[in-house]
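Me: I have a model open and would like to learn how to read its features step by step. Could you walk me through it?

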Amino acid sequence: MNWRKCIVVCPLIGLAGLVGCGQRENEKKDGVEQRVETVLPSEVAEVRTQTLRTVDFEHELVSNGRISAQQVAELRFLTSSAGNAPTKIFVKNGDRVKAGDAIATLDTFQLSSSFRQADDNLQKAYLELQDVLIGQGYTIADSTSIPKDMLNLAYIRSGYNSAKIQYDLARYNLDNAVLRTPISGIVASLFAKPYCQIDGSQPFCIIIDEGKPEIVFKILENELGMIKIGDKVKIQSYSSPDIESTGSIASINPSVDIEGTVRVKAYVQPNPGIFNGMNVRISVFRALGKQWVVPKTAVVMRTGKQVLFVLKDGKAAWNYVDTGLENATHYTVTSKTLQEGDEVIVSGTEHLANETNVKLIED
């Protein structure tokens, strides 16, 4: 009975083994076919090319910095005799003002009264000064011939000096009850409201000069040889990449800090989207002579080496290259097999192999 079961089961096991082997063989073939298809796509690759020429290469050095105006005025009320609550505010944030324009004013009633009183006291002191001098046998008209020590004594006895000090202070307080801007620019950081107390330790507002903004950034000590005064720069906002401006390096601080960096200052063209204090990306460009320059998309890795494909007779022919300097979009390259005028494939290189059939896309 057991012998018969063995006869029946053994063939079944053998049959299952054959089926399993057949499935594995099919999976192997499918895997090989997939790998081959990946390396050698069945469809003709569509590519774009660019003629290899010797051109001026601009090296790009990238850093981070912050925008600041060349001139900023922090405005404060210089008198507190009338309190710290402005009665009128004539501008708002973003307004453009000219030097001398009124920004806000305090209540001037008390200040005007103090000034008139000081003026009256000064006139009385002047009359008293005349009396003192007449008592000494002189007049104000003789002030140039009066001995200096005698004249000083007359000023003190008449109270003229004290009255003049009080007058000047009252005049100063009254004049500064109206807050005026010393420079032209844009109003910023204005948060006060009429009849509300203001914090005297903080600026009432800030006036930002609308001239060329400046930007300060740092470079490494070993990058000093890559820049010089006058090199052109481009800045780009991190928050809005479409906001950008160009300018040039204005100064290089001749000192290396403890972190091994050097401070560099550049001036850029004004842009409505650029604000004081904005963080930006800075690119410094410097021309480094005639070289072969190709887009970064043209250089790919094959067998662990850098390869650049050239279009020849409808096929992609690869060339080993060495990349040198780079910027955000391009490499400089050298090669023993490339020639001036070769049509370098710059797009569609992802799945190319040597002798792959390609189709040129016309722009």
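This is a predicted model: local features need pLDDT of at least 70, side-chain atom pairs count only at pLDDT 80 or more; totals for chains, interfaces and linings use all residues.

Me: Which other strand pairs with β11 in the antiparallel sense, and over how many bridges?

Reply: That is β14 (residues 279–295), with six bridges to β11. Here you can look at Lys232, which has Phe285 of β14 opposite.

Me: Which residues are on the covered face of β11, and which are on the uncovered one?

Reply: Go along the strand, residues 232–237, and sort the residues by face. Val233, Ile235 and Ser237 form the covered face, while Lys232, Lys234 and Gln236 form the uncovered one.

Me: Now to sheets. What is the order of the strands in the open sheet of four?

Reply: To read a sheet, follow the strands by their neighbours. The order here is β3-β9-β8-β5, with antiparallel pairing. β3 (72–75) and β5 (96–97) are the edge strands, each pairing on one side only.

Me: How many bridges join β5 to β8?

Reply: Two, and those strands run antiparallel. Within this pairing, Val97 has Gly185 of β8 as its bridge partner. On to β9 (residues 205–208): β8 pairs with it over three bridges, again in the antiparallel sense. Val187 is bridged to Ile207 of β9, and Ala188 stands opposite Ile206 in β9.

Me: What is the order of the open sheet that three strands form?

Reply: Read it as β4-β6-β7, with antiparallel pairing. Its edge strands are β4 (88–89) and β7 (178–180). Three bridges hold the pairing of β6 (residues 102–105) with β7, and Ala102 has Arg180 in β7 as its bridge partner.

Me: How do I go about reading a pocket?

Reply: Rolling a probe the size of a water molecule over the atoms shows where empty space is left. In this model, the largest pocket has a volume of about 400 Å³. Of its 17 lining residues, Ile186, Ile208, Ile274, Phe275 and Asn276 are the closest to the centre. β2 (54–68) and β8 (185–188) are the elements that give two or more residues to this lining. By class, ten of the lining residues are nonpolar, four polar and three charged.

Me: What is the volume of the second largest pocket?

Reply: About 160 Å³. Its lining includes Ser189, Phe191, Asp199, Phe204, Cys205 and Ile206. Seven nonpolar, three polar and one charged residues make up that lining.

Me: Finally, the whole chain: how many helices and strands does it have?

Reply: Four helices and 21 strands. Of its 363 residues, 32% count as buried. The chain exposes about 22500 Å², and carbon and sulfur atoms supply 53% of that area. For contacts between residues at least 6 apart in sequence, 75% join residues at least 24 apart.

Key: Residues are numbered from 1 along each chain as its sequence is written. Side-chain values use heavy atoms; hydrogens and water are left out. On a 1 Å grid over the protein atoms alone, a cavity is a set of points where a 1.4 Å probe fits but cannot get out, and a pocket is an open set with protein on both sides within 12 Å along at least five of seven lines; lining residues have an atom within 4 Å of a point. Grid points are joined across faces, edges and corners, and a volume is the space filled by probe spheres set on the points. Ala, Val, Leu, Ile, Met, Phe, Trp, Tyr, Cys and Pro count as nonpolar, Asp, Glu, Lys and Arg as charged, and the others, Gly among them, as polar. Buried means under 20% relative accessible area, exposed over 50%, partly exposed in between (1.4 Å probe, protein chains only). Contact means heavy atoms within 4.5 Å. Accessible areas come from the Shrake-Rupley method with a 1.4 Å probe; for residues, only the protein chains shown count as cover. Two strands pair if DSSP finds at least two bridges between them.
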